[in-house]
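Let us walk through this structure step by step. Keep the sequence and the model side by side.

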Amino acid sequence: MSEIAVTDASERLSVLARMVPERISEEAEMLLPELGEIEVIQSRSGLVMLPMRDTVTGTDFHLGEVLVSEAHIRLPGGIEGYGMVTGHDLERAMAMAVIDAALSAGVAVARLTRVIAEEAARQAEQDRETLRAIEATRVDMETF
Amino acid sequence: MAYVATRGGERAIEQAERLYRAQMGEVTPARVAEIERALPSLIDRVMGEASLYAPDLAALALAQSGGDLYEALLLLRAWRSTQPRLQIAAPVTQDRMLTHRRISAAFKDIPGGQILGPTLDYSHRLLATEVVQGETFTPVPVEKAANPAPACHPSLAAWQQAQGLVAAPSLAPVDRDSIPDLTKEPLLFPAKRAHTLQSLARADTGGVLALGYSAMRGYGNAHPTVNELRLSEAEVIVRHPNGTEFSAGRVKTSQAEVVTTKGQGTLRLGFCATLGWNEVKTIAGATLDLNAPGAPKGSPVNEEFFLYHTEPVESSGFCIHFKLPHYVTFQSSLDALRDAKAQRNKTEEPA
């Protein structure tokens, strides 16, 4: 399976948030025995307001709210993990928080790094296929 | 207005609700999933007007309301009020969105080129009646290009600003927590631009179209040409408690700029955007934005006129409240009418 190395923390979290639900849940399940008793600080759905910048005057305004699921956990040693994904999927947000906490705690880092690299490659390929379909609609308008 | 509480009819009310819901039958997870899958344009329209991006809930609201758009919006806006606001995301900027469609009717050769994306603009529209005869309509798959399109495209307005064709934005970006928010403060006039654009983003598509169309037909002061129309996916950039920003996922957005040459030596632009892909609303909304400056009070392109009258929950709610009991107010008007008639008859009697 192809891989794309993900070294940036922001990119790593973005890849996790977009990971296939079954895959991220499976990875999180595998981590649980290694992490000890997890304290759930937050597990809830809620809204994130999404602003946009107007291209005419540069004004930032609110486009509308996005339903998200959020999970915030703490490991026995005090290390925290956080997950937020769009949509109502508390399990996926919790799985993301578990993986985030494991990476911060130095648990299964090599395996998780490989999984995230594989997932990054899958997401990049998915985007590439979408963009190939979009490119097929490029038009060169002629005027007479 | 004066209202009076009415009593009675509890059984009739309950049976009326049952009769209404019987039209739709069972609302199952499979039905909701099929609505979400099969009706993306309707889902997008509902999400934009509900001001809530949640495709599965929009599908549920449509299933539960039997497709009554205003009822679906009411359900979604009410549900939204039960949810906590967790964060305000980073502002979406045009040059960072995954662009699916990007066209200009004003400029043929725009930087980055024109991409039709998913559209029927140049297609022959025919009803596929063979489906009601038992056949299946199967769309022909896209023949993908060898190479992908660029994910992001430059803003046409930014290029026009660099060319001196339009005025450059003069505003400095504000802190995201300080952006005016209509869900927390009233709409007052003259409206803040952030309020105007937020109000248009959640406005009723049909209402915006009707008023925008009136401007296009000549009841405005400027005829629009589409400067740039985009359908995109925007990343929802949120904050980890440690401060790292990341994308929690993508949402579909649409935005339109319309342009007029009626400026003082430069082009003038109007703007509108919404959640979901909804071209007609953004073009009509941008036309209203273009025509609003200096519009007389009472004109369809006057800001107060079009923002108040295109709020879907308020306008539909006000409209349908007229079917609820008004017995006292109407009786009072009837009494006044009878009095006036009696008075007139009295004065018309010969001395």
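Predicted model: local features only at pLDDT ≥ 70, side-chain atom pairs only at ≥ 80, totals over all residues.

Two strands pair if DSSP finds at least two bridges between them. Strand β5 (residues 225-239) of chain B and β6(B) are joined by 13 bridges. The two strands run antiparallel. Within this pair, B:V238 has B:F246 of β6(B) as its bridge partner. Five residues lie between the strands of this hairpin. There, B:G243 takes a positive phi near 100°.

β6(B) also pairs with strand β7 (residues 268-275) of chain B, through eight bridges. This pairing is antiparallel too. Here B:Q255 has B:A273 of β7(B) as its bridge partner. How many residues of strand β6 (residues 245-260) of chain B are buried? The count is 14 of the 16, so the strand is largely enclosed by the rest of the structure.

Next, the domains. Chain B is assigned domain 1 (12-80) and domain 2 (94-117 + 148-310). Their centres, taken over C-alpha atoms, are 28 Å apart. Seven residues of domain 1 of chain B contact twelve residues of domain 2 of chain B. On the domain 1 side, helix α3 (residues 40-50) of chain B gives the largest share, five residues. That side divides into two nonpolar, two polar and three charged residues.

Finally, the core. In soluble globular proteins, nonpolar side chains tend to be buried together. The largest nonpolar core in this model has 104 residues. Among those with the most contacts inside it are A:V98 and B:V46. Helix α3 (residues 90-105) of chain A supplies the largest share, eleven residues. Both domains of chain B contribute at least three residues each. Leaving aside residues up to four places away in sequence, A:V98 touches residues including A:L31, A:L35 and A:I73.

Note on methods: Residues numbered from 1 in each chain as written. Chains lettered and ligands numbered in written order. Domains from an automatic or database assignment. Contact = placed C-beta atoms within 7 Å. Helix = DSSP H or I, 4+ residues; strand = E, 2+ residues; numbered from the N terminus. Nonpolar A, V, L, I, M, F, W, Y, C, P; charged D, E, K, R; others polar. Core = buried A, V, L, I, M, F, W, Y, C linked by C-beta atoms within 7 Å. Buried ≥ 20, exposed ≤ 12 C-beta atoms within 10 Å, placed from the backbone.
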